Amino acid sequence: MPEMTEVAIIGAGPAGLTLANLLQRNGIRCVVLEARDRSHVEERQRAGVLDHYGSEIFARAGLADAVIAGAFREKFLELRYEGEPHFFDGPSHAGGRAGVIVPQQLLVRRLLATFLDGGGDLRFGAEDVALHDLTTTPRVTYAGGELTAGYVAGCDGFHGVSRTSIPASSLTTYTFDHGIGWYTVLADAPPPRHALMAVSRHGFAAQFARGPQASRFYLEYRPGAEDPREWPDDYTWEQLRLRLGDPALPGGTITDKEIVEMRSFVAEPMAYAKLFLAGDAAHIITPMGAKGMNLALADAEVLARALTGALRGADDTALRSYSDTCLRRTWDYQEFSRWFTEMVHDAGAQDDPFRRRLARARFDRLWANPKAAEWFADMMAGTALL
């Protein structure tokens, strides 16, 4: 006979683990199925910036000490234009609200430990997951087991089985290729004093702290025309010094090289019968503005509250409005990410003087117009749509 649980969660990323912890604190039984092993889940390198409302999710649940203790609060964002520094004080324009730096692998590691320490049921190596009977009593089969559940939460990412289990006739998807590539390297190099993004005629570049003696760098490249992973390390450092406008930028050993896809994707609705999508299973967003993980956490909080109401309060009102609630924030962040992407990439474009001047106008407005600065700071800090 299959095991029974109230909620089956597919995927142990930020969305799935946040949902699992919130449900656990609400007394809701759940089982988390993860196809990969524990070491892969804990060590997967991803950027990690929690905006103000992302960190508030854990504070409201009483999980802040366990999950984000010691996180570094970022005050300034340096936006460098052709080597000239401009420092944007986000908290001063957003009523003191600010994000915190939490590497995603650290956040995941803490969420995982907190869930397991509380007696949570997390099954690694759960391969070949398949969803059945979503309109009646959902069943989840996987190599070595079977579950029946009141509800299923699909938190298994863009390539997972959850979204593809929804009939095509019941789903509308939107995709957009921004036509930009990012090459990212992790290096044993001193971090910048503040998060740094640089615009220049040579292309976009950025540098972020990843520890006391480590930095994550980003370089714009032309997709399809080159593979920057084949660049010699010396050339990578040459490009970083050129685009960051810092000839004295200290180098170091490059320990990781990756390509970041600058694309956007949204699936509507984020629910089908008793299946609810969260995180990358429902939407992909560019790294501009650092909203990807924050959207995943927001989805998890909305879904946890809705499932608790349905299972403990016999009220499925919030569950029925889950998709609409989350999609409002999703599209808001998608628009902001696109706006930000255009500003810092188009401002250095040499092939389109008109777009370059438009982007420069956006850039200058942040320093000349307090209302523009407030809007930018508000979006960076995160929007409260709950």
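**Strand β2 and its neighbours**

Guide: In this predicted model, Val7 has Cys30 of β2 as its bridge partner. Between β1 and β2 the chain passes through helix α1, residues 14–25, and this β-α-β crossover is right-handed. Strand β1 covers residues 3–10 and runs parallel to β2, the two being joined by four bridges.

β2 also pairs with strand β8, which spans residues 121–124; here too the strands run parallel, with four bridges between them. One of the pairs is Val31 with Asp121, its bridge partner in β8.

The side chains of β2 can be sorted by direction. Cys30, Val32 and Glu34 point one way from the strand, while Val31 and Leu33 point the other way. Residues on either side are buried, Glu34 included. Strand β2 consists of residues 30–34, and five of the five are buried, so the strand is largely enclosed by the rest of the structure.

Leaving aside residues up to four places away in sequence, Ala298 touches Ile57 and Arg329. The C-alpha atoms of Ala298 and Val49 are separated by 14 Å, and these two residues are 249 residues apart along the chain.

Methods
Residues are numbered from 1 along each chain as its sequence is written. This is a predicted model: local features need pLDDT of at least 70, side-chain atom pairs count only at pLDDT 80 or more; totals for chains, interfaces and linings use all residues. Side-chain values use heavy atoms; hydrogens and water are left out. Contact means heavy atoms within 4.5 Å. Buried means under 20% relative accessible area, exposed over 50%, partly exposed in between (1.4 Å probe, protein chains only). Two strands pair if DSSP finds at least two bridges between them. A crossover is right-handed if, with the strands pointing away from the viewer, the path from the first strand over the helix to the second runs clockwise.
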